[in-house]
Amino acid sequence: MITFRTHGIVSVSEIVSQSRLTCAASRSLAAEARRRIGRVLRHLTPGFGISGAAGPSLREIVRMRLASGDLFRVDGNVWAAQGDGRQTCAICSDPIGKGEVEYEAVSEDQEPAFAHIACFKLWREESYASHRRQ
Ligand SMILES: [Zn+2]
């Protein structure tokens, strides 16, 4: 847990440093939450993640996740960059490898999420569709 001093002088660099730690801790918590949600989805939909198994399609899962609020809606505003192998796709849960293009979308809470190009396309289509359904 990170606490800010309430008395005395706190340097700007100390505040920046503590803020970075807080952001890193928040990202870690968000990643853990996504892993847990993924486990719940796999439990509720046994075919999830098994190639060729009967079960909801990735599009249907994205639709459910958008409806439940697990996944935020995206528009066309994203960052695209060369993958470095450190990010996991928020849609298919596979790593985004080196040499692949990763799309980074940011939620209203400034939480970043990464996706493969094809996964992002699906995510954007379902985001627009869910917006129209409201
Ligand atoms: Zn993906």
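Visitor: Which residues have the most contacts inside the largest nonpolar core, and how many residues does this core have?

Guide: In this predicted model, the largest nonpolar core has 18 residues, and Ile91, Ala115 and Trp123 have the most contacts inside it. At least two residues each come from α2 (58-68), β2 (101-106), β3 (112-116) and α3 (117-133). The largest share, 4 residues, is supplied by α3.

Visitor: What is isoleucine 91 in contact with, leaving aside its neighbours within four places in sequence?

Guide: Isoleucine 91 is in contact with Leu58, Val62, Ala115, Cys119, Leu122 and Trp123. A contact requires C-beta atoms within 7 Å, so each of these residues has its C-beta atom within 7 Å of that of isoleucine 91.

Visitor: Why is serine 93 called partly exposed?

Guide: Serine 93 has 15 other C-beta atoms within 10 Å. A buried residue needs 20 or more, and an exposed one has 12 or fewer. The value for serine 93 lies in between, and therefore serine 93 counts as partly exposed. Serine 93 sits in the loop between β1 and β2, and its phi is near 70°, a positive value in a residue other than glycine.

Visitor: What makes glutamine 110 exposed?

Guide: Glutamine 110 has 8 other C-beta atoms within 10 Å. The cut-off for exposed is 12 or fewer, so glutamine 110 is exposed. Glutamine 110 belongs to the loop between β2 and β3. Here too phi is positive in a residue other than glycine, at near 65°.

Visitor: How do you know that β1 and β2 pair?

Guide: There are 4 bridges between β1 and β2, which run antiparallel. Pairing takes at least two bridges, so β1 and β2 count as paired. Tryptophan 79 stands opposite glutamate 104 in β2.

Visitor: What is the order of the strands in the open sheet?

Guide: The 3 strands are ordered β1-β2-β3, with antiparallel pairing. β1 (79-82) and β3 each have a single partner strand, so they stand at the edges and one side of each is left without a neighbour in the sheet. On average, neighbouring strands are turned by 30° against each other, direction ignored. α3 packs on the sheet, where it touches β2 and β3, and its direction makes about 115° with that of β3.

Visitor: How many helices and strands does the chain have, and how do they run?

Guide: The chain has 3 helices and 3 strands, running α-α-β-β-β-α from the N terminus. Of its 134 residues, 19% count as buried.

Note on methods: Residues numbered from 1 in each chain as written. Predicted model: local features only at pLDDT ≥ 70, side-chain atom pairs only at ≥ 80, totals over all residues. Core = buried A, V, L, I, M, F, W, Y, C linked by C-beta atoms within 7 Å. Contact = placed C-beta atoms within 7 Å. Axes fitted to C-alpha atoms, helices over the stretch in contact; angles between N-to-C directions.
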